[in-house]
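Please consult the sequence and coordinates alongside the text.

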Amino acid sequence: MPADAGFTEYVTARAPWLRKVAFLLCGDWHRADDLVQSAVTKLYTHWPRAVRAGNLDGYARRTLVNTFLAEQRTSWWRLVDLRAADHDPPPTAGFDVETALDLRAAIDRLPPRQRATLVLRYYCDLPVGDVAKTLGCSPGTVKSQTARAVDALRGLLPAESLTLPEVTA
């Protein structure tokens, strides 16, 4: 199978997952699409290295998170805010929509690294060591960022709206 075919097959299969992770990081579906496109482009340029790494999902996830964090350090994303246009698809029925919207708004207010830590720990269900490796920091930093993020969410959300996980150091 040609190298491009393997890349195409992988990205086709994992694009919905990458898009969801990107959305959880940035809070906007259009920006998530842009993040995925940038991350997939970087992944393509380093495809042979990614295949040799042995964990394509981990490599792609790290590329996506690094792309998000690098973008947060630039000023262009503050100038172009598509969220005001409110083009997000409406939430699906079957869960507490108000709580989900409150949680999404609260997560959007977190600093980028805390948001990335929560997404990797609780959405991607990664252990502390894997999050530390993805973010390029120590496990202690992951724990403190997680604790700070959860504390911030507790301060931003009504107490009765949801139960946040206990974070132990």
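Helices here are DSSP runs of H or I of at least four residues, and strands are runs of E of at least two, numbered from the N terminus. The model is predicted: local features need pLDDT of at least 70 and side-chain atom pairs count only at pLDDT 80 or more, whereas totals for chains, interfaces and linings use all residues. Residues are numbered from 1 along each chain as its sequence is written, and side-chain values use heavy atoms, with hydrogens and water left out.

Helix α7 comprises the 12 residues 112–123; at 1.5 Å a residue it should span 16 Å, and its end C-alpha atoms, 15 Å apart, agree with this. The expected span is 1.5 Å times one less than the number of residues. Q114, R115, A116, T117, L118, V119 and L120 are the buried residues of α7, where buried means under 20% relative accessible area, exposed over 50%, and partly exposed in between (1.4 Å probe, protein chains only).

T117 lies in helix α7 and counts as buried because its relative accessible area is 1%. Leaving aside neighbours within four places in sequence, T117 is in contact (heavy atoms within 4.5 Å) with V131, L135, V142, Q145 and T146. The C-alpha atoms of T117 and K143 are separated by 8.9 Å, although the two residues are 26 apart along the chain.

## The second largest pocket

The second largest pocket has a volume of about 260 Å³. A pocket is an open set of points on a 1 Å grid over the protein atoms alone, where a 1.4 Å probe fits, with protein on both sides within 12 Å along at least five of seven lines; lining residues have an atom within 4 Å of a point. Grid points are joined across faces, edges and corners, and the volume is the space filled by probe spheres set on them.

The lining consists of A53, N55, G58, Y59, R61, R62, L126, D130, K133 and T134.

## Overall organisation

The protein contains 9 helices and 0 strands. Of its 169 residues, 37% are buried. Among contacts with a separation of 6 or more, 65% are between residues 24 or more positions apart.
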